[in-house]
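Please read it alongside the sequence and the model.

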Amino acid sequence: MRHRSLLILTTVITTGALTLTACGSRDGGSKDNSGGKKTVVVIGVDAPLTGSLSALGQGIKNSVDLAAKTANKNNEVPGIEFKVEALDDQAVPASGQANATKLVGNKDVLGVVGPLNSGVAQQMQGVFASAKLAQVSPANTNPALSQGDNWGKGEFKRGFDTYFRTAATDVVQGKFAAQYLFKDAGKKKVFIVDDKQTYGAGLAAIFAEEFKKLGGEVAGTDHVTVKETDFSSTADKVKSSGADSVYFGGQYPEGGLLADQIKKAGAAVPLMGGDGIQDPAFISASGEANEGDLATSIGYPVEKLDTAKKFIEDYKAEGYKDPYAAYGGYSYDAGWAVIQAVKAVVAANSGKLPDDARAKVVEALGKVSFEGVTGKVAFDQYGDTTNKQLTVYKVEGGKWVDVKSDTFNQ
């Protein structure tokens, strides 16, 4: 991550994790057009910056960094200079909770983008809520995070008014996947596997319910363990079940290996998953050809959106080492939502931050509405994105190719 010269960069190595810390007081910013000091506002970022999911985490961090730089360059909020503090959660809930506590402790932080994983978010929400600090995830999809634990029973209750997301929920994604596999791909007998994690298990359950509702048959179910590599027993179960397809709720490190071992077991069937597997690393993890494997992902392909052209150009111009990956556009929009909320708060307080800036930013976030990288950015009464666009991707010629994009209405 690149920072301006006035930012003190402290690198701390703890348990193999890299922590980038922005230090300094609010009054330590650069000069504004009148020669006075700008007030520093920090946007926190929490994501897996190391480990098996770092390809996604680095894209999240860089995209928020780009949003902050763009705001500073354009003087988006007069008198305010945005900086970024990025912390590594390694996709571990306890690390995310510790990071949340650290971000709360920095009085300059007025909003946080992240995390990637729904399980990590569960451990962060309460910490942020107690400090009235806004959190906007570009990737969390578990419905309970915004709609409460009883959402599946039709009882919707927002637990934390500080929580927002630019990603569509698994309710949308799971149903969309089931409808594509059953109606478009013509598969009627699916074997379902999940990784026992909040994201994977939740997504698989929603998919299964919708697939059966459509008239499909669940030939069998099984679970795998994160960070393990031998899934041969699951692969054998898939083959013996006679399933014509597999649905996997989980991430690409396990998904790629599972797809490989299923095919090696002699089951020539496609594996489908959610946005957690829609990454080039899913394909490279498999020794067998992945042709025909499927994945859903939130939104439309960024590369095909007119609204994303400048984001792509600017990201490339910055020379970031890592690609923006699956959640780059949503991360930029999440960061920009925080920036727009700060802008509204400052404008309503005679051009200055009020003493209760954090609470005011939370309130303003619920009202933001703008055309972002991924399309219209706004939030509903639960803090969920109003953008319900999704895409199905298929492995063709050794890469993910979008085959269907649509707006999903429940």
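1. Strand β15 (residues 389-396) pairs with β16 in the antiparallel sense over 8 bridges; two strands count as paired if DSSP finds at least two bridges between them. The two strands form a hairpin with 2 residues between them, and Gly-397 in the turn has a positive phi of about 65°. Helices (H or I, at least four residues) and strands (E, at least two) are DSSP runs, numbered from the N terminus.

2. On the basis of the model: this is a predicted model, in which local features need pLDDT of at least 70 and side-chain atom pairs count only at pLDDT 80 or more, whereas totals for chains, interfaces and linings use all residues. Residues are numbered from 1 along each chain as its sequence is written, and side-chain values use heavy atoms, with hydrogens and water left out.

3. On the annotation: the unreviewed UniProt entry carries "domain: Leucine-binding protein" over residues 41-399. UniProt positions are given in the numbering used here, feature names are shortened, and annotations may be inferred rather than shown by experiment. In the model, residues 41-399 are 41% helix and 19% strand, and the end C-alpha atoms of the span lie 40 Å apart.

4. On the mixed sheet: 7 strands form an open sheet in the order β9-β8-β10-β11-β12-β15-β16, with mixed pairing. β9 and β16 (399-407) stand at the edges with a single partner strand each, so one side of each is left without a neighbour in the sheet. Neighbouring strands of this sheet are turned by 25° against each other on average, direction ignored; for all such values, axes are lines fitted to C-alpha atoms, for helices over the stretch in contact, and angles run from 0 to 180 degrees between N-to-C directions.

5. On the pairing around β8: strand β8 (residues 189-194) runs parallel to strand β9 (residues 217-223) over 6 bridges, and Ile-192 stands opposite Thr-221 in β9. Contact means heavy atoms within 4.5 Å.

6. On the helix pairs: helix α5 (residues 170-184) packs against α6 at an angle of about 50°, with the axes 8 Å apart. That makes α5 oblique to α6 (angles under 35 degrees count as roughly parallel, over 145 as roughly antiparallel, 65 to 115 as roughly perpendicular and the rest as oblique). Residues making the contact include Leu-181 and Phe-182 of α5 and Phe-207 and Phe-211 of α6. Helix α7 (residues 232-241) and helix α8 (residues 252-264) pack at about 55°, also with axes 8 Å apart, which makes α7 oblique to α8. That contact is made by Ser-232, Thr-234, Ala-235 and Val-238 of α7 and Leu-258, Gln-261 and Ile-262 of α8.

7. On the parallel sheet: an open sheet of 5 strands has the order β4-β3-β5-β6-β7, with parallel pairing. Its edge strands, β4 (80-88) and β7 (163-165), each pair on one side only. Strand β6 (residues 134-137) runs parallel to β5 and is joined to it by 3 bridges, with Gln-135 of β6 as the bridge partner of Val-112. Helix α11 (residues 328-347) packs on the sheet, touching β3 (39-47), β4, β5 and β6, and its direction makes about 160° with that of β5.

8. On backbone geometry to inspect: most residues other than glycine have a negative phi, and most peptide bonds are trans. Gly-114 and Pro-115 are joined by a cis peptide bond, with omega about 0°; Pro-115 is found in the loop between β5 (109-113) and α3 (118-130). Lys-227, which is not a glycine, has a positive phi of about 80° and is placed in the loop between β9 and α7.
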